[in-house]
Amino acid sequence: MSALGALIAGRIARHGPMRLSEYMALCLGHPEHGYYTTRDPLGAAGDFTTAPEISQMFGELIGLWLAQAWRDMGAPARAVLAELGPGRGTLMADALRAAARVPGFRAAVGRPALVEISPVLRARQARALAGWDPVWADRIEEIPADGPLLLIANEFFDALPIRQIERRGGRWRERMVSVGEDGALRLAAGPILPWEAAAPEGALREISPASEAVAGWIGARLARTGGAALIVDYGYDAPPPAGGDTFQALAGHAPVDPFAAPGMADLTAHVHFGALARAAEAAGAQAWPLATQGALLERLGLSDRARALIRAAGADGAAQEAVVAAHHRLAHPDAMGALFKALALTGPGAGRPAGV
Ligand code: SAH
């Protein structure tokens with residue numbers, strides 16, 4: 001077992017089984033042994049590849065979305081540009097390069113604020129954004145408050161901890177992480193929760209109080225200062241009636257046992273966008289209907305941008321084909337186009353943002 005696995009097993013031996021959310025938070029964020037805190041997991045040589053790492057087109061179109069949102073607010077002299085979980089900084093670099101062509105945008109947003117727990121990824125972000133002088137924050141609450149917010153989060157919420165609640169014997173029970181006879185970590189039935197909702201035996205609900213807290217913070221901030229936020233991730237508006245287990249571990253681009261080597265694999269769950277939208281609305285923001293990533297990108301001009309890049313590739317057939325392949329991967333329903341969705345949030349009274 002990994003060093004973190006031994007530490008978790010010790011904690012369970014002392015205090016009893018732990019919630020899946022606590023397990024997930026430790027595996028991903030433990031300061032010494034956490035998955036994100038100790039490595040750059042992205043890219044072909046890593047564990048997973050994200051949209052901005054597939055093609056510059058993704059970040060460029062998001063940049064234009066942000067610039068359009070700024071113009072829709074009347075192009076205020078000061079706005080706060082922020083990203084949650086910026087990875088290698090590729091999205092923000094591509095977005096700023098594209099959005100800086102919009103007159104006045106660069107001066108208005110100044111230094112981008114990056115919310116990031118990983119020192120390894122902060123170093124990569126510093127390199128990618130060297131010309132933009134970013135500021136970092138450990139927590140969303142530290143994002144500067146001196147203007148309307150322009151926020152982007154791509155594949156951030158899927159990394160936030162979830163809890164799983166299961167219907168067994170006519171009652172709802174929390175799934176806990178415990179240690180089996182063989183000393184290995186495993187899931188076991190835990191405390192009964194006083195939930196009223198009826199559901200078939202075996203139904204599984206996933207909840208993410210941590211995600212709802214972040215969405216609630218964004219909503220409150222948008223209600224107070226105005227602005228717009230775009231949350232892109234894989235997930236669903238509402239879970240199917242019987243729920244479903246979306247908790248998974250990825251290593252080397254393949255699914256692995258999430259309990260085999262804590263801290264060594266990426267742990268994720270599908271994002272419940274409906275719950276995020278409700279949390280933001282409860283805090284006073286507007287949530288717009290969910291768009292698929294494919295529809296969002298097409299409405300923002302993906303095909304036009306792809307054609308321009310193909311023209312720019314001249315006679316380089318391989319470069320042209322790479323653009324076609326990236327377009328397909330980002331937007332086609334068989335690839336990322338339908339599983340990935342975008343939730344736009346705005347301040348109260350704002351009009352519908354571009355692309356959604
Ligand atoms: N947005 C990037 C990276 C996605 S991976 C991309 O699309 O390529 C998830 C990112 O969120 C990483 O940068 C990771 O270090 C960061 N992260 C995960 N949990 C976090 C938390 N609780 N607080 C801040 N950042 C977090």
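A residue counts as buried under 20% relative accessible area, as exposed over 50%, and as partly exposed in between. With a relative accessible area of 36%, Ala75 is therefore partly exposed. Please keep in mind that this is a predicted model. Ala75 belongs to the loop that runs between helix H5 (56-72) and strand S2 (80-84). Its backbone deserves a look too: Ala75 has a positive phi of about 50°, although it is not a glycine.

Glu155 also shows a positive phi of about 50° without being a glycine. You will find Glu155 in the loop between strand S5 (149-154) and strand S6 (163-168). Is Glu155 buried or exposed? Its relative accessible area is 14%, so Glu155 is buried.

## Around the ligand

Now let us turn to the ligand. Where does the ligand sit? Its place is in the largest pocket. There, 18 residues surround the ligand, and the closest are Thr50, Gly85, Gly87, Glu116 and Asn154. By type, the shell around the ligand is made up of 10 nonpolar, five polar and three charged residues.

A nitrogen atom of the ligand has a backbone N or O atom of Gly85 at 2.7 Å. For Asn154, a polar backbone atom is 2.7 Å from a nitrogen atom of the ligand. Gly87 places a backbone N or O atom 3.0 Å from an oxygen atom of the ligand. On its own, the ligand has 570 Å² of accessible area, and the protein covers 92% of this.

Which residue reaches the backbone oxygen of Gly87 with its side chain? That residue is Gln125, at a distance of 2.8 Å. Gln125 lies in helix H8 (residues 119-128). Because its relative accessible area is 0%, Gln125 is buried.

## Leu20 in helix H2

A last stop is Leu20, which is part of helix H2 (residues 20-29). Leu20 has a relative accessible area of 0%, so this residue is buried.

How many residues apart in sequence are Leu20 and Glu142? The two are 122 residues apart in sequence, and in space their C-alpha atoms are 27 Å apart.

Note on methods
Residues numbered from 1 in each chain as written. Predicted model: local features only at pLDDT ≥ 70, side-chain atom pairs only at ≥ 80, totals over all residues. Heavy atoms only, no water. Near = heavy atom within 4 Å. Polar contact = N/O pair within 3.5 Å; in protein donor to acceptor, adjacent residues only side chain to side chain. Areas by Shrake-Rupley, 256 points an atom, 1.4 Å probe, with all protein chains shown as cover. 1 Å grid on protein atoms, 1.4 Å probe; cavity = no way out; pocket = protein on both sides within 12 Å on 5 of 7 lines; lining within 4 Å. Sits in = over half its atoms within 2 Å of the grid points. Nonpolar A, V, L, I, M, F, W, Y, C, P; charged D, E, K, R; others polar. Helix = DSSP H or I, 4+ residues; strand = E, 2+ residues; numbered from the N terminus. Buried < 20%, exposed > 50% of the residue type's maximum accessible area, 1.4 Å probe, protein only.
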